[in-house]
Amino acid sequence: MYNMLFGRNVMADSLLEKIGLSKDDFRRYRDAWAEGNELHVLTRNGGVEHEEYEDEVYDRLSKHPNFLRLEISEYDNTYETYVFSLETPLDNLKNYDIM
């Protein structure tokens, strides 16, 4: 439903591959995009779901060598964005920028 409403970044798989991850690593993955030298991965792992996925997802991903931080949406705490560093900065590749 999310992708039907908001679309998806067609480069997401390639971006995730740059840090050795895939959509499956995030459990409730929604989208991914690059902003400069950061890769942002939007998930629906927050809210009451956070505790359920904390051991399986957050604990594992927070140990990734490129992990920078976890951002929780101000508007809907069920959305969490995992932010990773990229070795090579990319020019703000967000949804719909590449089609």
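Start at H40, which is buried, with a relative accessible area of 5%. Here buried means under 20% relative accessible area, exposed means over 50%, and partly exposed is what falls in between, judged with a 1.4 Å probe and protein chains only. Before we go on, a word about what you see: this is a predicted model, in which local features need pLDDT of at least 70 and side-chain atom pairs count only at pLDDT 80 or more, while totals for chains, interfaces and linings use all residues. Residues are numbered from 1 along each chain as its sequence is written, and side-chain values use heavy atoms, with hydrogens and water left out.

H40 is found in strand β1. Helices (H or I, at least four residues) and strands (E, at least two) are DSSP runs, numbered from the N terminus. What does the side chain of H40 join in a polar contact of 3.2 Å? Its partner is the side chain of E38. A polar contact is a pair of N or O atoms within 3.5 Å; within protein, one must be able to donate a hydrogen and the other to accept it, and residues adjacent in sequence count only if both atoms are side-chain atoms. Leaving aside neighbours within four places in sequence, H40 is also in contact (heavy atoms within 4.5 Å) with several residues, including W33, R69, E71 and Y82.

Now follow E38, which counts as buried at 18% relative accessibility. The side chains of E38 and R69 meet in a salt bridge (3.0 Å, N to O). E38 lies in strand β1 and R69 in strand β2 (residues 67-72), so the pair ties together parts that are 31 residues apart in sequence. A salt bridge is a side-chain nitrogen of Lys or Arg within 4 Å of a carboxyl oxygen of Asp or Glu. R69 also forms a salt bridge with E71, the closest N and O atoms being 2.8 Å apart. That links E38, R69 and E71 in a network of salt bridges. R69 is partly exposed, with a relative accessible area of 30%, and E71 counts as partly exposed at 30% as well.

The structure holds 4 salt bridges, and another one of them joins the side chains of D25 and R60 (3.8 Å, N to O). D25 lies in the loop between α2 and β1 and R60 in helix α3, so this pair ties together parts that are 35 residues apart in sequence.

Next, look at V41, which lies in strand β1 and is buried, with a relative accessible area of 0%. Beyond its neighbours within four places in sequence, V41 is in contact with residues including L16, F26, Y29, Y82 and F84. The C-alpha atoms of V41 and Y29 are separated by 7.5 Å, and these residues are 12 apart along the chain.

V41 and Y29 bring us to the largest nonpolar core, which has 17 residues; F26, Y29, L39, V41, L61, Y82 and F84 have the most contacts inside it. Such a core is a set of buried Ala, Val, Leu, Ile, Met, Phe, Trp, Tyr and Cys residues joined through side-chain atoms within 4.5 Å. Two or more residues each come from α2 (12-17), β1 (29-43), α3 (49-61) and β3 (80-93), and the largest share, 5 residues, comes from β1.

Finally, step back to the whole chain. It has 3 helices and 3 strands, in the pattern α-α-β-α-β-β along the sequence. Buried residues make up 41% of its 99 residues.
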